[in-house]
Amino acid sequence: METVKAWMSAPAIIARDTETLPRARELLIAAGIRRLPVVNATGNLVGIVTEGDINRVSDSPERDDQAYNLYYRVHDLPLREVMRRPVITVTPDTPLHEAAHLLLAWRISGFPVVSEGRIVGVITASDMLRHIIWETGDAESEFLKAQSASVG
């Protein structure tokens with residue numbers, strides 16, 4: 001039985017809860033990802049922020065300058081103010097089909113993988129689709145498996 005560990009992206013790219021929205025956007029773009037687990041000063045998972053979350057708060061993907069409220073402008077806004085919580089997580093040993101059920105049940109497209117209280121990776125719907133293609137024996141599946149292994 002395939003587990004999350006075989007198909008997750010690791011190590012996870014994370015952000016501190018004090019990071020600003022523009023910095024989070026830079027991390028997402030640089031890594032080519034759409035979600036960032038958010039940790040506190042001690043490294044504990046406290047939330048998650050997605051590309052969509054950032055776009056909802058900001059007027060423009062190029063400039064994070066929308067006035068958010070009296071206290072913050074978007075370019076000063078820390079992630080702890082916009083992150084989602086609680087965060088749905090799985091462990092590396094979670095069967096892949098159980099992770100897929102969670103994605104559907106929670107209507108999300110990915111979540112952090114946690115082991116012994118630490119984030120060790122991220123599993124997404126795209127990772128699960130790569131697994132399905134790999135299992136079908138498609139000619140490109142070796143490429144997809146190799147691509148997954150290089151990410152994770």
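Predicted model: local features only at pLDDT ≥ 70, side-chain atom pairs only at ≥ 80, totals over all residues.
1. Thr124 is buried, its relative accessible area being 11%. This residue belongs to strand 5, which spans residues 118-124. Once neighbours within four places in sequence are set aside, the contacts of Thr124 are Arg35, Leu103, Ser109 and Gly110.

2. As to overall composition, the protein chain contains six helices and five strands. Their order from the N terminus is α-β-α-β-β-α-α-β-β-α-α. Of its 152 residues, 39% count as buried. Among contacts with a separation of 6 or more, 58% are made by residues 24 or more positions apart. The accessible surface amounts to about 8800 Å², and carbon and sulfur atoms contribute 54% of this area.

3. An open sheet is built from three strands in the order 1-2-3, with mixed pairing. Strand 1 (15-16) and strand 3 (45-50) are the edge strands, each pairing on one side only. Five bridges join strand 2 (residues 35-39) to strand 3 in the antiparallel sense. Within this part of the sheet, Val39 is placed opposite Leu45 of strand 3. Helix 2 (residues 21-31) packs on the sheet and touches strand 1, strand 2 and strand 3. The direction of helix 2 makes about 130 degrees with that of strand 2.

4. Which residues of helix 4 are buried? They are Leu96, Ala99 and Leu103. Seen down the axis of helix 4, these buried residues fall within an arc of 60 degrees, so they line one face of the helix. The face turned away from that buried side carries the exposed residues His101, Leu104 and Ala105. The cover over the buried residues of helix 4 includes helix 1, strand 4, strand 5 and helix 5.

5. What does Ala99 contact, leaving aside its neighbours within four places in sequence? The partners are Val4, Val90, Thr94, Phe111 and Met128.

6. In helix 5 (residues 125-135), the buried residues are Asp127, Met128, Arg130 and His131. Viewed down the axis of helix 5, they fall within an arc of 155 degrees, so they line one face of the helix. Met128 is one of the residues in contact with Ala99. Following helix 5 comes Gly137, which has a positive phi near 80 degrees.

7. Most residues other than glycine have a negative phi, and most peptide bonds are trans. Just after helix 4, Arg107 adopts a positive phi of about 55 degrees. Arg107 sits in the loop between helix 4 and strand 4 (110-115). Is Arg107 buried or exposed? Arg107 is exposed, with a relative accessible area of 77%. Glu116 likewise has a positive phi, near 50 degrees, and its place is in the loop between strand 4 and strand 5. Glu116 is exposed as well, at a relative accessible area of 82%.

8. Cis peptide bonds form the last point. The bond from Ala10 to Pro11 is cis, with omega near -5 degrees. Pro11 is located in the loop between helix 1 (4-7) and strand 1. A cis peptide bond also joins Arg85 and Pro86, where omega is about -5 degrees. Where does Pro86 lie? Pro86 is found in the loop between helix 3 (51-57) and helix 4.

Key
Residues numbered from 1 in each chain as written. Heavy atoms only, no water. Buried < 20%, exposed > 50% of the residue type's maximum accessible area, 1.4 Å probe, protein only. Helix = DSSP H or I, 4+ residues; strand = E, 2+ residues; numbered from the N terminus. Arc of directions from axis to C-beta. Contact = heavy atoms within 4.5 Å. Pairing = 2+ DSSP bridges. Axes fitted to C-alpha atoms, helices over the stretch in contact; angles between N-to-C directions. Areas by Shrake-Rupley, 256 points an atom, 1.4 Å probe, with all protein chains shown as cover.
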